[in-house]
Amino acid sequence: MTQHFTTPANRSLAYRQTTGTSGHNLVWLSGFNSDMQGSKVLELEGWAKAAGHGFLAFDYSGHGESGGNFQNGTISAWRDDTLAILEALTDGPQILVGSSMGGWIALLAAIARPGRVSAMVLIAPAPDFTAKLMWPSLPADAQIEITQAGVWMQPSDYGEPVPITRALIEDGARNQVLNTPIAFDGPVRILQGMQDPDVPWRHAESLVTALTTDDLTFTLVKDGDHRLSRPQDIARLVATCHALTAPAAPPAR
């Protein structure tokens with residue numbers, strides 16, 4: 001059942017939460033202009049419930065069922081939404097599962113609250129995408145419109161045009177994480193499609209280099225796209241989360 005939580009910044013966030021008994025808790029972080037109703041999050045949520053794990057999914061401000069205007073959103077605001085949710089609705093270390101922009105938000109959350117993140121599963125992670133992927137790919141007239149008018153409406157294959165604002169671009173530049181080492185010692189699992197037109201796999205590979213942890217697995221799906229939402233992709237995601245939460249095998253005698 002969807003509930004609502006008001007953050008310290010007075011933003012109303014929609015969320016779903018299930019408590020578990022296994023001791024493992026997962027938090028889903030959606031992508032840019034996405035929400036908690038996608039096939040990946042629903043399938044993962046169902047698996048977590050069946051396995052006895054705690055599970056939390058929410059919509060950033062301006063997304064899905066949450067309050068606010070998407071056009072007013074920034075990476076900082078969505079990071080702060082995540083930190084507010086973690087602090088108010090969860091206890092102890094969490095496994096963050098981030099899709100696309102959600103991977104960037106997961107990294108920012110781990111940097112800001114290292115004691116609250118035990119592991120990360122990142123699906124087509126898009127850290128720094130506003131500066132390193134989005135802005136360079138925009139046509140010159142779009143860059144001029146964003147700079148001068150403050151917003152440009154980007155055509156979308158998924159419905160209505162998406163507003164790309166100067167505030168988003170400028171704030172994203174301030175939140176870049178790939179330019180310096182990312183200190184994190186927990187397990188990280190990255191799932192990346194090699195046919196991804198939005199986040200090239202080489203971009204995700206740069207995250208492998210930036211993260212300091214040695215417990216990192218980078219899985220390339222040769223025919224995978226950006227969404228990685230086919231049945232076999234979702235099965236791979238569930239298997240990855242299962243492996244992270246399975247009891248440790250007893251030592252060999």
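1. The lining of the largest cavity divides into 5 nonpolar, no polar and 3 charged residues, where Ala, Val, Leu, Ile, Met, Phe, Trp, Tyr, Cys and Pro count as nonpolar, Asp, Glu, Lys and Arg as charged, and the others, Gly among them, as polar. The lining residues are Lys40, Ile123, Leu191, Leu228, Asp233, Ile234, Arg236 and Leu237, and helix H8 (residues 231-245) supplies the largest share, 4 residues. A cavity is a set of points on a 1 Å grid over the protein atoms alone where a 1.4 Å probe fits but cannot get out, and lining residues have an atom within 4 Å of a point.

2. This is a predicted model, in which local features need pLDDT of at least 70 and side-chain atom pairs count only at pLDDT 80 or more, while totals for chains, interfaces and linings use all residues. Residues are numbered from 1 along each chain as its sequence is written, and side-chain values use heavy atoms, with hydrogens and water left out.

3. Phe32, Phe70, Gln71, Gly73, Trp78, Pro163, Thr165 and Leu168 line the second largest cavity, giving 5 nonpolar, 3 polar and no charged residues.

4. Leu168 also belongs to the part of H6 that, with Ile169, Gly172 and Ala173, meets Thr130, Ala131, Met134 and Trp135 in H4, contact meaning heavy atoms within 4.5 Å. These contact residues comprise 6 nonpolar, 2 polar and no charged. The axes of H4 (residues 129-137) and H6 (residues 166-174) come within 8 Å and cross at roughly 135°, the axes being lines fitted to C-alpha atoms, for helices over the stretch in contact, with angles from 0 to 180 degrees between N-to-C directions. The two helices are therefore oblique to each other, as angles under 35 degrees count as roughly parallel, over 145 as roughly antiparallel, 65 to 115 as roughly perpendicular and the rest as oblique.

5. An open sheet of mixed pairing is formed by 8 strands in the order E1-E2-E4-E3-E5-E6-E9-E10; helices (H or I, at least four residues) and strands (E, at least two) are DSSP runs, numbered from the N terminus. Strands E1 (3-6) and E10 (216-221) stand at the edges with a single partner strand each, so one side of each is left without a neighbour in the sheet.

How values were computed. On a 1 Å grid over the protein atoms alone, a cavity is a set of points where a 1.4 Å probe fits but cannot get out, and a pocket is an open set with protein on both sides within 12 Å along at least five of seven lines; lining residues have an atom within 4 Å of a point. Two strands pair if DSSP finds at least two bridges between them.
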